Amino acid sequence: MIKAVKGTRDILPPDSRVWNRVEETARRVFAAYHYGEIRTPIFEETALFARGVGEETDIVSKEMYTWEDRDGSSLTLRPENTASVIRAYIEHRLDQRPGLQKLYYIGPMFRRERPQKGRYRQFSQIGAEVIGSESPAVDAEVIEMVLEILSQCGLSGFHLVINSVGCKNCRPAFLALLRERLQDVKGQLCGDCQRRADTNPLRVLDCKVPQDQPVIETLPSILDHLCEVCKPHFATVRQFLDDRGIQYEVRPRLVRGLDYYMRTTFEVVHGSLGAQNSVLGGGRYDGLAESLGSRVHSPGIGFSIGEDRLVMSVEEASQNASGGALDVFIAPLGAEPLRHAAGLAHELRRHNVRVEIAFEGKLKRALELANKLNARYTLIVGETEMAAGVYALKNMTSGEQETISREQLAERLYAGK
RNA sequence: GUGGCUAUAGCUCAGUCGGUAGAGCGCUGGAUUGUGGUUCCAGAUGUCACGGGUUCAAAUCCCGUUAGCCACCCCA
């Protein structure tokens, strides 16, 4: 039997309803914040991600789906979407358009990692980018918006973490200092951290081993080494968040895996996601466009929500995913009533009433099915009703049944549609 | 890429010391000529993940493969 390949999955009804709800909610919020949708290709030239995400990152060095095309060019399934959006921004000269470019996207990404809870090889992200401003107020608005999406999805109990990772002026000096200090204390750290001290010094700061914490406390904090541009930028972001009463934790140890981040970075975590507890991550990337060949300075900030994880959290938050998937189940009794039912169903559906027909079986069977399908009403169309030009409408919750005219039926069902 | 656990009906799972397959739910039909949910009766469904080995005999023991889950690395 052929099965879905490792790390991919089918999303079936009724689960797909949660996905649709999440996406509709996100689109609604994006619209309110005046974002437009961008749809970029699902694969790109490999060089785009190598240059955009960073050659040395795990994503690029070992997690990409890359292949050689027939003409010899190297192509890659997108592992994230920011690089593509910036590529499109440059390619189509969106910097020439008036105002900020506020773009959002929803779609699948691909990384060849070992699957586990909330981590798949094909996964979906809901993300957005604002390009064309360095203002810290934009950072705050982006964060505010992403929280709005989460709460409008019915999610609570999430936790916002923010940090500033500096810029090309202040980060190198801090990194040098950190490396130096790490050499001194390396012996007191866990095995992983001794390795990280050389390969990925920032990652040491995020180590979760309890025994390492006292030592990590003594390491320098990036926030104490921000330059005269980055420091007020971060202060203003915080001020704007404070103004709106947004709760957050400043975590100088928050590191992001992608090379292009600078200044503001943020993350939202939610319990019950196991080790993969991060629902979304984002940050500012003022140098990315230039590194992808832009001739104009195009600072940007963006985020991406792990939709798979968000859906998981939303499902837990609201167990009752059901709720009237079907308005009317039509039970025709006989050949002529079935012909009539087909026409009636069409008419009702044109008014967005959710209708299903019992094409086969006896009335008893139809009612059983109506019950299983959670139909609000069953409409019985028999020879008797046909002759009298009426219907028998049965309320499946109360069990009450009444004979109503065709006009009354429309009145009853179109209400609220 | 590394480690641990797991794989039996559509789903959740039981299966003893190795003796040839079970339950609940769901599904189908009936008790009921055109009235569901509750109840009762009956029925169907299995490559015991796959491949090999040990044995008179393997769902059960051993090896391998694949897949899933969990964790690590890393990350959304």
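The model is predicted.

Chain A contains 16 helices and 16 strands. Its radius of gyration is 28 Å, whereas the globule rule gives 22 Å for 417 residues; chain A is therefore more spread out than a compact globule. Along the principal axes, the C-alpha trace spans about 90 × 55 × 50 Å. Of the 417 residues, 48% are buried. Among contacts between residues at least 6 apart in sequence, 68% join residues at least 24 apart.

The interior may be considered next. In soluble globular proteins, nonpolar side chains tend to be buried together. The largest nonpolar core in this model has 62 residues, and those touching the most other members are Phe30, Tyr35, Leu160, Phe266, Phe303, Ile305 and Leu310. Helix H5, which covers residues 136–152, gives the most to this core, with nine residues. Another core, of 26 residues, lies apart from it and includes Val53, Val60, Ala83 and Met109.

Beyond its neighbours within four places in sequence, Phe303 is in contact with several residues, among them Phe30, Tyr105, Val142, Met145, Val146 and Phe266. Its contacts also include Gly281 and Gly282.

Rolling a probe the size of a water molecule over the atoms shows where empty space is left. The count comes to one cavity of 30 Å³ or more. The largest cavity has a volume of about 40 Å³. Its lining consists of Asn163, Val165, Arg171, Leu202, Leu205, Ile222, Pro252, Leu254 and Val255. By class, seven of these lining residues are nonpolar, one is polar and one is charged.

Definitions and conventions:
Residues numbered from 1 in each chain as written. Chains lettered and ligands numbered in written order. Predicted model: local features only at pLDDT ≥ 70, side-chain atom pairs only at ≥ 80, totals over all residues. Heavy atoms only, no water. 1 Å grid on protein atoms, 1.4 Å probe; cavity = no way out; pocket = protein on both sides within 12 Å on 5 of 7 lines; lining within 4 Å. Points joined across faces, edges and corners; volume = space filled by probe spheres on them. Nonpolar A, V, L, I, M, F, W, Y, C, P; charged D, E, K, R; others polar. Core = buried A, V, L, I, M, F, W, Y, C linked by side-chain atoms within 4.5 Å. Buried < 20%, exposed > 50% of the residue type's maximum accessible area, 1.4 Å probe, protein only. Helix = DSSP H or I, 4+ residues; strand = E, 2+ residues; numbered from the N terminus. Contact = heavy atoms within 4.5 Å. Rg over C-alpha atoms; globule rule 2.2 N^0.38 Å.
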